[in-house]
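Here's a quick tour for anyone meeting this structure for the first time. Take a look at it, then read on.

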Amino acid sequence: MSLEKGRLSSRQLAVLCLFVFVGDMALIYPLTLVTDSHQSAWIAGLISLPLGLAGIAIPIKVHYFYPQLNLIEKINKILGKWAGTAVSLFYLFFFLMAASIYLREIEDFMCTQIFEATPGAVFRLMTLILVVYGLRLGLETLGRAAEIFLPLFVLFMASLMILLLPQVQLENLLPIMNTPLPKLLHSVLFGISYPFGEMIVFQMVHPYVKQNRTTNRDIFLSMIIGAAALNLILFLSITVLGAYLSEHQFYAAYILAQKINIGNFLQRIEVLMAIVWIITTYFKTALYFYAFTLGTAQLFNLKNFRSLIFPVGFLLFGLSQLVSKDIVFYMKKIPATWVDWDFTIGFVIPLLLMIVYYVRKSRTRLQQQKT
C-alpha cells in the first residue's frame, strides 16, 4: 500500500520540474560554468542542453519498468533486499544532504546580500517552518502552490532578461573557443550534472502523477524552458558583466539585476531576482525534504511518513549549519565534489539499474524457455 495518497496533475508536475530545474541554479549557474570556460561558458551551456536531455531519458526509462513504484521501491525491486537497501540509503543520504545545502543557500544569500546584520539562523528557521508547513499540507498542496507562483516566476525572469538587453556587449564573448578543450568539457559536465542530475528527485513523485499522453512531453518541455532560462542568464552575465566578474561574483545573476537602469527611473529591482530565486529554491528544498521522509518511511516499513516531518526538520536545521562553515567554503569547495555526486545519482546508478533489470529479465526468459 502506498504511503502517499495525494496526486499531482501533469501540469503541476511540469511546473515543479521547472522550479526544481532552475532552483538554486538561477543565481550560481554563471559562476559554475564560467570558472573553467570563461567567456566560452555559453558554448558549454548550449552543449550541455541536448546531452542533459538525452541523459535524463535514462531515469525516465527506469521509471516505466515499474511505473507504480517510486525510486526507493524500484531500487529494492530490481536489486533485491541487501544491495537495494545499500543503494537506497545512498540516495536517502543524498536527499538529506541536498535539502540541507539548499536551506543553507537561502540563509547565506539573505545574510550576505540583503539582511547583512540578521543572524543566519533566523532565515534558516523561517524557511524551514514554511517547508515543514507545506509538507504537512501534502504533495497536492505543493503542486497547487507551484501553479500559483508560476506567473510571478515568468514575469520576473522575463523582466530581468528584457531590461538587460540594452546593456549587452557582444565583444565580451571574444575570443570565441579560446578555452582548452578539457576545461570546456569540465564545464559541460557541470552543465549536465547540476540541473539535469538533480532531477532524479522526481522519481520519488512520478508515480503519484495522474498520467496522460502529454506527461513525458510536459516534463521535457519544462526542462528545455528551464535550461533556456539558465543559459540566457549565463549569456547575459558574460555579455553584461564580463567573464571576470561572472567568475568572481558569487551571485552574478543578482548583480545583473542591480545593473538595470531605465531612464534613472526603473532601477534597483534586484529584489525581483531574489524573489524568483527564493521561490524556486523553496520548492526544490521541499521536494528533497519530501523525498527523504517518504523514502525513509518506505525503506523501514513505517505506516506514515508524515510522522517524520518534524524530526527531520530539526535534523535539517542543525545539518544545514554543519555542511559549510561559510559562503566562501561553500562556493569554492562544495561544487567541485558535488558535480560528481549529481552525475552518479542522476545518471550512473539509473543506468546500472537499467542494465540489471534487462539482465535479470533475459535470465528469467531463458529459464522459462528451458522449462
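Predicted model: local features only at pLDDT ≥ 70, side-chain atom pairs only at ≥ 80, totals over all residues.

How much accessible surface does the protein chain have, and what share of it belongs to carbon and sulfur atoms? It comes to about 16,500 Å², and carbon and sulfur atoms account for 67% of that.

Mean pLDDT for the protein chain is 89, with 99% of its residues at 70 or more.

## Overall build

The protein chain has 14 helices and 2 strands. Picture a box of roughly 80 × 45 × 40 Å along the principal axes: that's what the C-alpha atoms fill. The radius of gyration is 21 Å, which agrees with the value near 21 Å for a compact globule because the chain has 371 residues.

## Inside and out

Of the 371 residues, 57% are buried. Among contacts with a separation of 6 or more, 84% link residues 24 or more positions apart.

As for charges, the protein chain carries 28 positive and 18 negative ones. Their mean positions lie 15 Å apart.

## A closer look at L351

You'll find L351 in helix α14 (residues 327–370). Is L351 buried, exposed or partly exposed? Its relative accessible area is 37%, so L351 counts as partly exposed, since that falls between the 20% and 50% cut-offs.

Methods
Residues numbered from 1 in each chain as written. Heavy atoms only, no water. Helix = DSSP H or I, 4+ residues; strand = E, 2+ residues; numbered from the N terminus. Rg over C-alpha atoms; globule rule 2.2 N^0.38 Å. Buried < 20%, exposed > 50% of the residue type's maximum accessible area, 1.4 Å probe, protein only. Contact = heavy atoms within 4.5 Å. Areas by Shrake-Rupley, 256 points an atom, 1.4 Å probe, with all protein chains shown as cover. Lys, Arg positive; Asp, Glu negative; His and termini not counted. Charge placed at Lys NZ, Arg CZ, Asp CG, Glu CD. pLDDT = per-residue confidence, 0-100.
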